[in-house]
Amino acid sequence: MVALAVVLIASFMELLDTTIITVAAPAIAEGLGAGEATLQWTVAGYTLALGAGLITGGRIGDQFGRRRSFLAGLAAFAIASAACALAPNPAVLVATRVAQGLAGGLMVPQVFGIIRSSFAPAARAKAFGAYGAVLGLASVAGPLAGGLLVEADVFGLGWRTIFWVNVPVAAVGLALGTRFLPESAAAARTRLDLPGAALAAAGAVCVLLPLVQGREWDWPWWGYVILFLSVPLTALFLRRGRRLAARGDRPVLDPGLLRVRAFGSGLAASALFFGALGSFFLLLSLYLQSGTGRSALETGLIILPYAVGSTLTSGIGVQLAARAGRLLLVTGSLVLAVSQFLLLLVVRDGTAPSYGALALPLFVGGLGLGLTSPSLVNVVLAGVPARDAGAAGGVLTTVGQIGSAVGVAVLGVRFFAELDTSASAGTAPLTAYGDAFASVLPWQMAFYVAAAALMLLLPKHTDALGGGRATTAVGVPEK
């Protein structure tokens, strides 16, 4: 039980860092004099680095030991968190957030391997259930913790406390993990595809860099050249994958999986779904704090109904996935689109909305997220041959993280461009931020509707085609 507690505490800490920063973003901008691009990078850089590291991190654990890799990732996460807290300028903060994401990419995959190797099948199911509860708790706690820590201004540290809080938690985890975590590794060793991982990350950066920085660079011609470079880099990545797969090695992505309709559709749906979701809380937080004048704590309380709605339906979604499959996913994605429409009506009113007016659409959005997110991997993997389920699940989760980062970049460009237009016209902050936020909500609605359309190509049930075994949150099949 101590071993389970260690990995769950570490998972909670990592999951908290994906949401806590969105509420603190305005305070970070004020404290460091950071621009819009920095705020985008603090979210997108972390998720991109995390996604880029998940598959390679999992294989490092399989090869060199999951306990050793977990503790190394946890220590690195603590060091990166302290570096974030000490960041003297925006550039250092972004760099240390990327380091945090890479550390998370090493740590997170080991959680599932440690649980699988440490528990018998019956106890393992309960352990993964506890992990699911931690997911829900982190989603609720993130916005509230961010608001509380910023408002409390402990020792005058302000927003920096959202990173400092990780250090003592990680220290306890390291002390207990060193003593109680069992060591395990895969029986068969495989060569790490580090060049493949580097090509994938470089391609994603070539997309993100000009999109996030383009406004500050005034859209120079060479920014478009960087964007175009993502095409040959992606081609090289796929070519390398085909070559490694042909000789029996394990690439980051076996391009042969893309010929499986359910998997290709699932990748596209996941990228769109998390692309809409990844940008939402950052832009909502900016609207609430910089536009309506709410505090960080008030913003966290407003986001709370979203987390509550997600918690209510996540358990139902997992239970119904075996029978409802794609219908469940389509329904959840469309419910999210409806929630964005309801929120659009509230924001376009032109006045500072009340708590109740905001709580209803956010609660509806949480219900949609709970129906979709916990079951997405399992439903997609139901259309993948069982022998490829592990690799496909890891790639699917990675694409979701990268889609989230790209969503922050693309929709952030739309938000800040509209904000610039309003600012140049001398518009009041409430109207300016309201117009900017309203301008991205239809795009998020379109993303969710497009994702729902792609989900219609997924298997009807999670037991279809024999590939849909129970998986963990990063798509690693249970043994």
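Trainee: Are Arg240 and Asp193 buried or exposed in this predicted model?
Mentor: The word buried is applied here to a residue with under 20% relative accessible area. Arg240 falls into that class, and Asp193 does as well, so by that cut-off the answer for both residues is buried.

Trainee: What do the side chains of Arg240 and Asp193 form, and what is the N to O distance?
Mentor: Side chains of opposite charge can pair when their charged atoms come close. The limit applied for such a pair is 4 Å between a side-chain nitrogen of Lys or Arg and a carboxyl oxygen of Asp or Glu. Arg240 and Asp193 meet in a salt bridge, with an N to O distance of 2.7 Å.

Trainee: Which parts does the pair of Arg240 and Asp193 tie together, and how many residues apart are they in sequence?
Mentor: Arg240 belongs to helix α9, whereas Asp193 sits in the loop between α7 and α8 (194-217).

Trainee: How many salt bridges does the structure hold, and which residue pairs with Asp249?
Mentor: The structure holds five salt bridges. One of them involves Asp249, which counts as partly exposed at 28% relative accessibility. Its side chain meets, at 2.8 Å from N to O, that of Arg247.

Trainee: Where do Arg414 and Glu418 lie, and how far apart are their closest N and O atoms?
Mentor: Both residues lie in helix α15 (residues 389-424), where they are four residues apart, about one turn of the helix. Arg414 is partly exposed, with a relative accessible area of 31%. In the salt bridge between Arg414 and Glu418, the closest N and O atoms are separated by 3.5 Å.

Trainee: Which residues gather in the patch of positive charge, and what is the relative accessible area of Arg259?
Mentor: The patch lies on the surface and is made up of Arg239, Arg242, Arg243 and Arg259. Arg259 is found in the loop between α9 (221-246) and α10 (261-291). Residues over 50% count as exposed, and Arg259 is therefore exposed, its relative accessible area being 72%.

Trainee: Which helix gives the largest share of the nonpolar patch on the surface?
Mentor: Val2, Val172, Leu176 and Phe180 form this patch, with about 290 Å² of accessible area together. Val2 has its place in helix α1 (residues 2-32) and is partly exposed, with a relative accessible area of 35%. The largest share, three residues, comes from helix α7 (residues 166-180).

Trainee: What kind of aromatic pair do Trp159 and Phe163 form?
Mentor: Among the eleven aromatic pairs of the structure, this one has 6.2 Å centre to centre and 90° between the planes. Trp159 is buried at 6% relative accessibility, and Phe163 is buried with a relative accessible area of 1%. Since planes over 60 degrees apart fall into one class, the pair is described as edge-to-face.

Trainee: What separation do the C-alpha atoms of Leu54 and Ala103 have?
Mentor: Leu54 is found in helix α2 (residues 36-64) and is buried, with a relative accessible area of 8%. Leu54 and Ala103 are 49 residues apart along the chain, and their C-alpha atoms are separated by 9.7 Å.

Conventions. Residues numbered from 1 in each chain as written. Predicted model: local features only at pLDDT ≥ 70, side-chain atom pairs only at ≥ 80, totals over all residues. Heavy atoms only, no water. Patch = residues over 30% accessible without salt bridge, like charges linked within 9 Å, V, L, I, M, F, W, Y side chains within 5 Å. Areas by Shrake-Rupley, 256 points an atom, 1.4 Å probe, with all protein chains shown as cover. Lys, Arg positive; Asp, Glu negative; His and termini not counted. Charge placed at Lys NZ, Arg CZ, Asp CG, Glu CD. Helix = DSSP H or I, 4+ residues; strand = E, 2+ residues; numbered from the N terminus. Buried < 20%, exposed > 50% of the residue type's maximum accessible area, 1.4 Å probe, protein only. Phe/Tyr/Trp six-rings, centres within 6.5 Å; stacked < 30°, edge-to-face > 60°.
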